[in-house]
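Hi everyone, thanks for coming. Today I'd like to walk you through one protein chain, step by step. Please take a look at it with me.

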Amino acid sequence: MLHQFSRTELLLGKAAMDKLETSRVAVFGIGGVGGYVCEALVRSGVRFFDLIDDDKVCLTNLNRQIIATHKTIGMYKADVMKERILDINPKADVRVHKCFFLPENAEEFPFEEYDYIVDAIDTVTGKIELVMRATEKNVPIISSMGAGNKLDGSMFRVADIYKTKVCPLAKVMRRELKKRGIKKLKVVYSEEMPTRPVDDMAISCRTNCICPPGAKHKCTERRDIPGSLAFVPSVAGLIVAGEVVKDLVQDVRRVETE
C-alpha cells in the first residue's frame, strides 16, 4: 500500500523505515541548521522528536531559517517547528522544550530516551555538555560547527572532530573535548575560511536589535554578529540529517543486505 514515505522505502527498505519511525531524535537548536535537520528528518520518516530552543522568530531570521515567515515572527521557534512537523506527519510525537540548554539545566532532559542527539546550538559550553551527556548515556550525537560568515555550501565536510581543519569553532571544541577525555565526535564543519562581515552599524543587530518582545537572549549579548545566507546553513542541516538517518538505519540495512 502506498504511503507518504513509499519513495523513501524504495531505497531504504521496510526494516529501516520501521527503525526511523520508532526513533526519538533530540534536536538542540531550531535555527538555520536545526530547522532543516528537523525538516529532513520528519520527511524521512522519523516520528519522535524533542525540540530544544528558547528563541523566537525574528525578522532577521527570514533570510535562512525554514520556520521563519512574516506570519511566524515573534513565535517560539520550537512551537513553529512542531506545527510544521505535524503538518508533514500528523502522527509525529513532538515534545517542546522552550529553554536555553546549558550545563545548569542538563539534568532536566531525558537523555536516556534519545536514540540520537543533534547539536545545532551556538554556545561552546552547551555543545560540550551535550557531548558529555551523550557519551555518558551512550547515545550517538552529531555536532554542527560554525555556518556563519560562510559563502560556499560545497565546503562542508563530515569528519571526526580531531580530523577537522580551518573551522575556528572546531578548533576550540577539539581542545576542550581533549581535556575531558572525549576520544571522538562526529561533526559537520566547513573548510571555508570565514568571510569578515561588512562593518556597517546601520544593518547590524549590534546597535539595531529587533528581537521580539520577551526574547530571553538578545543579539546584543553576542560577542560577534555573523553574516548568513539562505544556502549555507540549510546545506549543513541537510548533511546533518543525512548522517542521522544513515546512522540510525545502518544496522538494520546491513542485516537486510547480508
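So, what percentage of the 258 residues in the chain do buried residues make up? They make up 48%, where buried means under 20% relative accessible area, exposed means over 50%, and partly exposed lies in between (1.4 Å probe, protein chains only).

Two notes before we go on. This is a predicted model, in which local features need pLDDT of at least 70 and side-chain atom pairs count only at pLDDT 80 or more, while totals for chains, interfaces and linings use all residues. Residues are numbered from 1 along each chain as its sequence is written, and side-chain values use heavy atoms, with hydrogens and water left out.

Let's begin with the overall layout. The chain has seven helices and seven strands; these are DSSP runs numbered from the N terminus, with helices being H or I of at least four residues and strands being E of at least two. Read from the N terminus, the order is α-α-β-α-β-α-β-β-α-β-β-α-β-α.

Now the sheet. Seven strands form an open sheet in the order β3-β2-β1-β4-β5-β7-β6, and the pairing is mixed. Two strands count as paired if DSSP finds at least two bridges between them. At the edges sit β3 and β6 (156-160), each pairing on one side only.

Let's zoom in on β1. β1 and β2 run parallel and are joined by five bridges. For example, V27 has L51 as its bridge partner in β2, and R24 has F48. Why call β1 largely enclosed by the rest of the structure? Because five of its five residues are buried. R24, A26 and F28 lie on one side, with V25 and V27 on the other.

Helix α5 (residues 124-137) touches β1, β4 and β5 (141-144), contact here meaning heavy atoms within 4.5 Å. The buried residues of α5 include I128, L130 and V131, and the buried set packs against α6 (168-179) as well as β1, β4 and β5. Just after α5, N138 takes a positive phi of about 60°.

Helix α4 (residues 77-88) is our other example. It has twelve residues and reaches 17 Å from its first C-alpha to its last, close to the expected 16 Å; that expected span is 1.5 Å times one less than the number of residues. Which residues of α4 are buried? They are K77, A78, V80, M81, I85 and I88. They cover an arc of only 160° around the axis, which puts them on the same side of α4; the arc is that of the directions from the helix axis to the C-beta atoms. Their cover includes α3 (34-44), β2 (48-52) and β3 (93-97).

Finally, the inside. A nonpolar core is a set of buried Ala, Val, Leu, Ile, Met, Phe, Trp, Tyr and Cys residues joined through side-chain atoms within 4.5 Å. The largest one has 44 residues, and among those touching the most other members are V25, L51, I85 and V244. Helix α7 gives the largest share of this core, seven residues. Not counting residues up to four places away in sequence, V244 touches V25, L41, Y116, V118 and I142. Apart from that core lies another, of 29 residues, with Y114 and L169 among them.

Key. Axes are lines fitted to C-alpha atoms, for helices over the stretch in contact, and angles run from 0 to 180 degrees between N-to-C directions.
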